[in-house]
Amino acid sequence: MILLFNIGFIEIRLLDVVDIILVAILIYFLYKLVRGTIAFNIFIGFLSIFLLSKIVEALNMQLLSEILGEFIGVGVLALLIVFQQEVRRFLLIIGKNSFLLNQNWSWQKILPWNWKLQKPTDLNYTALVDACRNLSRTKTGALIVIAKTSELRFYASTGTAINGDVSTKLLESIFNKKSPLHDGAVVIAANRIKAAGCILPVSESETLPHHLGMRHRSGLGISEQTDAVVIIISEERGSISIAQDGKITLKVNPKMLQQRLQDEFYETRLK
């Protein structure tokens, strides 16, 4: 094993440096994952207790060390429950970015002449953007979830099945204030409106502006747990927002919306 240097009773190996760097990176990503949420305070509290237990163990305080050790042992199970959403997001990020699990991945795609070969998916951008423009103009609230790698069947099952083509008139009729489905969310997958009136998880983010209501919190919530693109139209202001990957972009105009959809629903392919 490579020994970098030895100071008295302390030996620092190259593997120790790598270990410290990897732990620092892990803590950094965990911090980014829970930052701005209620879970952040819980994370800081658990981290403080863990560091205290290590100090107590180094000082050979056996009784206190044993008590803190038992607490941390049980605390791991408690963390899995408390950080359920964050763990789900973490695993989703790993799975989404793993080329080994990507069925469309091939070694040929890393070749330079294949990098910019793209084709549009079947999503009807025009109808979707036109519907959002009209809903925004009439200040009609709307919540539209567009699936990417998952069909979001669980969330679609909470609403009323429609299974219709994406069209401007259908979307406008669903979110009409007299429609019984206008309060819920619409789930779109594979250019089909799978369901309407769907119930979505609510975000616990503390960074979301206070003037934004439950519609925006629900849109942000589903974006935290899935890789879907969520369009939110405010009923009070008529403004359009986009939520994705736990982040929300406010005041999006129709042109920006169409460009965003085209960027997100293009996929690399070989000729």
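Two strands count as paired if DSSP finds at least two bridges between them. Helices (H or I, at least four residues) and strands (E, at least two) are DSSP runs, numbered from the N terminus. This is a predicted model: local features need pLDDT of at least 70, side-chain atom pairs count only at pLDDT 80 or more, and totals for chains, interfaces and linings use all residues. Residues are numbered from 1 along each chain as its sequence is written, and side-chain values use heavy atoms, leaving out hydrogens and water.

**Strands**

Select strand E5, residues 160–165. E5 runs antiparallel to E7, joined by four bridges. Pick Thr 160; opposite, in E7, stands Ala 196.

Ala 189 has Arg 192, in E7, as its bridge partner. Two residues lie between the strands of this hairpin. Check Ala 190 there: its phi is positive, near 55 degrees.

**Cores**

A nonpolar core is a set of buried Ala, Val, Leu, Ile, Met, Phe, Trp, Tyr and Cys residues joined through side-chain atoms within 4.5 Å. Buried means under 20% relative accessible area (1.4 Å probe, protein chains only).

Which residues touch the most other members of the largest nonpolar core? Select Leu 128 and Leu 261, out of 28 residues. Elements giving two or more residues include helix H5 (125–137), strand E4 (142–146) and helix H9 (254–264). H5 gives the most, with seven residues.

Center on Leu 261. Not counting residues up to four places away in sequence, Leu 261 touches Tyr 125, Leu 128, Val 129, Ile 146 and Val 229 (contact: heavy atoms within 4.5 Å). Apart from this core lies another, of 17 residues, among them Ala 147, Ala 185, Ala 195 and Leu 200.

Terms used
Buried means under 20% relative accessible area, exposed over 50%, partly exposed in between (1.4 Å probe, protein chains only).
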